[in-house]
Amino acid sequence: MPNSSLTFIEPTEEHAQLLLDWRTRPDIAGQMLSSVPYDVERQKAWLRRCAERDDYVHRILCVDGVPAGHVSITVTEPEWKIATFGVLMGERAGRMGAAPLNFAYMLNHVFFTMGLRKVVNHILGTNSPRLLKGQPMIGYRPVGVLTRQVMKDGQEIDLHIFEMLADDWLTVRERFRIYQDMDGREWR
């Protein structure tokens, strides 16, 4: 079920304000593992550092050409070929329609473009129950919950862990019929 209205662009310093506004919005910041100070120059420096990294790939998710979110792949274990994903939906369009299918592009990117073998995701318990329930439907295997693992703003938060191997994705990806990576390359 490919949808041409979903595209990904590489962030530049010109996106610093947009990303910072999303990353510091209370409804989004409360679901993120890290906290970000509201400092545009610091955000620009972060974007410059990201561009130099070989263990980090990120894109702005666009719906009908309009920025709606930020997605990232971080290689956490280079020798073991393991990565983790980050997804931030800054606009309503990022949570509606085809945009939630961003994972298919990301999984194609991590397994085919980057040649990695496994994705391990950590999701805060403050996220939507729908997000947590949806992980196995995508093909992720629940690993477990680290109870009260994260301390954020004085609150103890559970950390849910999910994993997927490249072979797992090959088994389920036909359901989604998305064969492109985040840069539009086809992987059939």
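**Buried charge, cores and salt bridges in a predicted model**

Arg 173 is located in the segment that follows helix 6 (166–172), helices (H or I, at least four residues) and strands (E, at least two) being DSSP runs numbered from the N terminus. The structure is a predicted model, in which local features need pLDDT of at least 70 and side-chain atom pairs count only at pLDDT 80 or more, while totals for chains, interfaces and linings use all residues. Residues are numbered from 1 along each chain as its sequence is written, and side-chain values use heavy atoms, with hydrogens and water left out.

Arg 173 is buried but forms no salt bridge, the nearest side chain of opposite charge being Glu 174 at 5.9 Å. Here, buried denotes under 20% relative accessible area, exposed over 50%, and partly exposed in between (1.4 Å probe, protein chains only). A salt bridge requires a side-chain nitrogen of Lys or Arg within 4 Å of a carboxyl oxygen of Asp or Glu; for charge, Lys and Arg count as positive and Asp and Glu as negative, with His and the chain ends not counted. With residues up to four places away in sequence set aside, Arg 173 touches Asn 108, Phe 112, Ile 178, Tyr 179, Trp 187 and Arg 188 (contact: heavy atoms within 4.5 Å).

The largest nonpolar core comprises 34 residues, and Leu 107, Val 110 and Trp 169 have the most contacts inside it. Such a core is a set of buried Ala, Val, Leu, Ile, Met, Phe, Trp, Tyr and Cys residues joined through side-chain atoms within 4.5 Å. Helix 4 (residues 102–113) gives the most to this core, contributing 7 residues. A second, separate core of 14 residues includes Met 32, Tyr 56, Ile 60 and Leu 88.

In total, 13 salt bridges are present. One of them joins the side chains of Asp 183 and Arg 59, at 2.9 Å from N to O. Asp 183 lies in the segment after helix 6 and Arg 59 in strand 2, so the pair ties together parts that are 124 residues apart in sequence. Asp 183 is partly exposed, at 36% relative accessibility, whereas Arg 59 is buried, at 7%. Asp 168 forms a salt bridge with Arg 141, with the closest N and O atoms 2.9 Å apart. This pair links distant parts of the chain, Asp 168 in helix 6 and Arg 141 in strand 6 (residues 141–152), 27 residues apart. Asp 168 is buried, with a relative accessible area of 18%, and Arg 141 is partly exposed, at 33%.
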